[in-house]
Amino acid sequence: MSFSPNKSPTKAAHEHALLLNAIAAGANEYPKPEHVNYTYGTAGFRTLATKLPSVLFRVGLLAVLRSKRLEGATIGVMVTASHNPEPDNGVKLVDPSGEMLDPTWEAHATALSNCPSTESLISTFTTLATHLRVDLSQPANIVYAYDTRPSGPELIKALERGFESFGESVKTNNLGVTTTPILHYVVKATNDKTGTYGEPTKKGYNEKMAKAFRTLIGNRGPLAPLYVDCANGVGALALQDFTATLGDVLPINPLNTSTSTQGSLNHSCGADFVKTKQALPPSIQSSGVLSKAGTRACSFDGDADRIVYYYLHESKGTFRLLDGDKIAVMVAMFLGDLIVKAKLDEEHKLEVGVVQTAYANGSSTKYLTSRNIPVSCVPTGVKHLHHAAQRYDIGVYFEANGHGTVLFSDQAIKALKSANPQSPDSANAIKNLLAFSELINQAVGDALSDMLLVETVLAHRGWGAAEWDAGYEDLPNRLVKVEVPDRSIFVATDAERKLQHPQGLQDTIDETVKKYDMGRSFVRPSGTEDCVRVYAEAKTATEAENLAVAVTDIVKFGSGQV
Ligand code: NG1
Ligand code: ZN
């Protein structure tokens, strides 16, 4: 198809015709494969990389539309499939504040990606631009990055082809191979009008983290060495850059850093492996590095936005996991104590709250609520957690799988900056709270920043991993992936703790759960994989296992498989 620029009466119409011609040429180069249906889910688009070039081209178009709609505010695009295996890839958009794409635009991403032909893409694009009132003459600014997957560079070309359709009105900044949280940081810092968030570069990120960490550690360093499993992913490169900036306050021993070995990414290592298997990565097990008492380690996931810690029990040698729930609890308690020490005036009192999902271990929720820390439960997906955390002065949010951060509200920062310390101790607490707000990524969960957060709290408490772990004992639990013919028949409600459909299934689950001591179980369709997830916890490991099996059977029955 072609549009005739020369016959157009006005300059704008002429440019519009040129744009549509450029989009049509790009769309022809990147045709949508037949029989594939794409959905912009919790983590953007994610599937086999070979199915993604047409999606990347179209995401390029949408990113430009979004930036133009927001008068040239910088939009981020991250190409990653996080903890998924290497043949997968994915893409997600980042809004100007550094947060996930506005959910109302997710449907536009889905619509563009599913247009079956060049004609339908042009027509959907034009309709979207009109309905969303996008002034195409506005400038657009995009920052983009990708992880270490071999499919990254080809997909980036398709994305760039999307941007190029708009000619010179689009300014781009390619950050290259970078972690997801660094991309979010750069987007936020680029759009920050106050100029105080930090320099919008990788260097700016490293310097900001290193400065805050040094302030917080003070003369407590150098800390005990830490082993970091980088999942053979981009976290290895980020960690190397960061340690070069930080120096030797925190001696880091990176493990699983083979970013160019084919098939190694997330393979038998990384945060998702450790959390799901509740075991050490075999490479760490066989290296024996954790056998020295008191040694702690952590695992990043493939794009370094998740982290879990672990160690071996001193006498039993058993694996002990310190997951997102354990991080949230320790951090919330510590920040709560700092606020008490800060002795702020009555009208500037700050409250720490915690946001969890239904996957949070019941023991962690009980621990927090019994200590009067407010806890909210929201549906799975970072955007839900992030928004709920914004309602607290200091909102700690973590998914059990290790994705999370701590948000400081503007009022909290103002209260801390304007406080009149009553003593050297309170001055110190205020200074430390402000340093935490610099250390912790305010845009998104960040393995590196969260690692520094954990290390700081441990150093201040004078704790090792065992003391941290001693707070509460996790209830034994099981997470099962159930493949069903059509997961869309499963509809969850009440922060995904109950099933609304298929009708009657929840009653059967409730009846079953009652038979287990301290039993809890829920079922929800995954937002990132073609499956339904069953979670079960109970007083003993055997009971948790049996409950998971029983509920899995109910799900299979409900999906018509039995
Ligand atoms: P789904 O597939 O919707 O369960 C998974 C994780 C989420 C979140 C997203 C995005 C579990 C049980 N689910 O979502 O917490 O991290 O991936 O990556 O861990
Ligand atoms: Zn991730």
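In this predicted model, the largest nonpolar core comprises 86 residues, and Ile394, Phe436 and Met451 are the members that touch the most others within it. The element that gives the most to this core is helix H11, spanning residues 324-342, with 12 residues. Apart from this core lies another, made up of 49 residues, including Ile23, Val55, Phe125 and Ala140. In soluble globular proteins, nonpolar side chains tend to be buried together.

When residues up to four places away in sequence are set aside, Phe436 touches Leu216, Phe334, Leu335, Leu338, Phe408, Leu453, Thr456 and Val457.

The view may now be widened to the whole protein chain. Its secondary structure consists of 19 helices and 19 strands. Of contacts between residues at least 6 apart in sequence, 70% join residues at least 24 apart. Buried residues account for 56% of the 562 residues in the chain.

The overall dimensions can be considered next. Because a compact globule of 562 residues would have a radius of gyration near 24 Å, the 24 Å of the protein chain agrees with that expectation. Taken along the principal axes, the box filled by the C-alpha atoms is roughly 80 × 65 × 50 Å.

The surface and the charges complete the description. The accessible surface of the protein chain is about 23,200 Å², and carbon and sulfur atoms supply 51% of this area. The chain carries 54 positive and 61 negative side chains, with the centres of the two sets 1 Å apart.

Note on methods. Residues are numbered from 1 along each chain as its sequence is written. Chains are lettered from A and ligands numbered from 1 in the order in which they are written. Side-chain values use heavy atoms; hydrogens and water are left out. Helices (H or I, at least four residues) and strands (E, at least two) are DSSP runs, numbered from the N terminus. The radius of gyration is taken over C-alpha atoms; the globule rule is 2.2 Å times the number of residues to the power 0.38. Buried means under 20% relative accessible area, exposed over 50%, partly exposed in between (1.4 Å probe, protein chains only). Contact means heavy atoms within 4.5 Å. Accessible areas come from the Shrake-Rupley method with a 1.4 Å probe; for residues, only the protein chains shown count as cover. Lys and Arg count as positive and Asp and Glu as negative; His and the chain ends are not counted. The place of a charge is taken as NZ of Lys, CZ of Arg, CG of Asp or CD of Glu. A nonpolar core is a set of buried Ala, Val, Leu, Ile, Met, Phe, Trp, Tyr and Cys residues joined through side-chain atoms within 4.5 Å.
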